[in-house]
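Please look through the following structure with a few questions in mind, taking the answers one step at a time.

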Amino acid sequence: MRFITSLMLALIGIGITRAQEVQDSIKAQELNEVVVEAANQRINAEVSTYIPIARQKNASQNAVALLSQMAIPQIDVDPISQAVKTAHGQNVSIFIDYVPATAEDLKGMKTQDVKKSRVLPASV
């Protein structure tokens, strides 16, 4: 009797296991490639941040040329005199790691080291 009961429980267990094997109704599809691109500029009320792309860095000899390549609308860059001014003709203060930069700093800077450029409003 015990053998029959054990056999019946084993058969019932097999039946339950087979009942739980349900085919997935959603078809799987393999994607070839996914490309994620970030915006090269972020603008809010306090600061505008511009991130140069590799092509702009490679095409620039120095930091001023990189600013020219980035075409930031709030500033005008004169590639001949290496002057950076606002759109209204005022001088622009340039900082590297929060330290005021000299003209020599800008000429000697490797453009590959530039991570981002920030433009602050004139009142800041």
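Q: Which residues of strand 3 (residues 75–78) make up its covered face?
A: In this predicted model, strand 3 has an uncovered face, which holds D76 and D78. The covered face of strand 3 is made up of I75 and V77.

Q: In which sense do strand 3 and strand 4 (residues 83–86) pair, and over how many bridges?
A: The two strands form a hairpin with 4 residues between them, and in this turn Q82 has a positive phi of about 60°. Within the pairing, V77 stands opposite V84 of strand 4. The sense of the pairing is antiparallel, and the number of bridges is 4.

Q: Which side chain of opposite charge is nearest to K57, and how far away is it?
A: K57 lies in helix 2 (residues 54–58), and this residue is buried yet has no salt bridge. A salt bridge would need a distance within 4 Å, whereas the nearest side chain of opposite charge is 7.8 Å away and belongs to D113.

Q: Why does T49 count as buried?
A: T49 lies in strand 2 (residues 48–50) and touches residues including N40, R42 and K116. Buried means under 20% relative accessible area, so T49 counts as buried because its relative accessibility is 6%.

Terms used: Residues are numbered from 1 along each chain as its sequence is written. This is a predicted model: local features need pLDDT of at least 70, side-chain atom pairs count only at pLDDT 80 or more; totals for chains, interfaces and linings use all residues. Side-chain values use heavy atoms; hydrogens and water are left out. Buried means under 20% relative accessible area, exposed over 50%, partly exposed in between (1.4 Å probe, protein chains only). Two strands pair if DSSP finds at least two bridges between them. Lys and Arg count as positive and Asp and Glu as negative; His and the chain ends are not counted. Contact means heavy atoms within 4.5 Å. Lists of a residue's contacts leave out its neighbours within four places in sequence.
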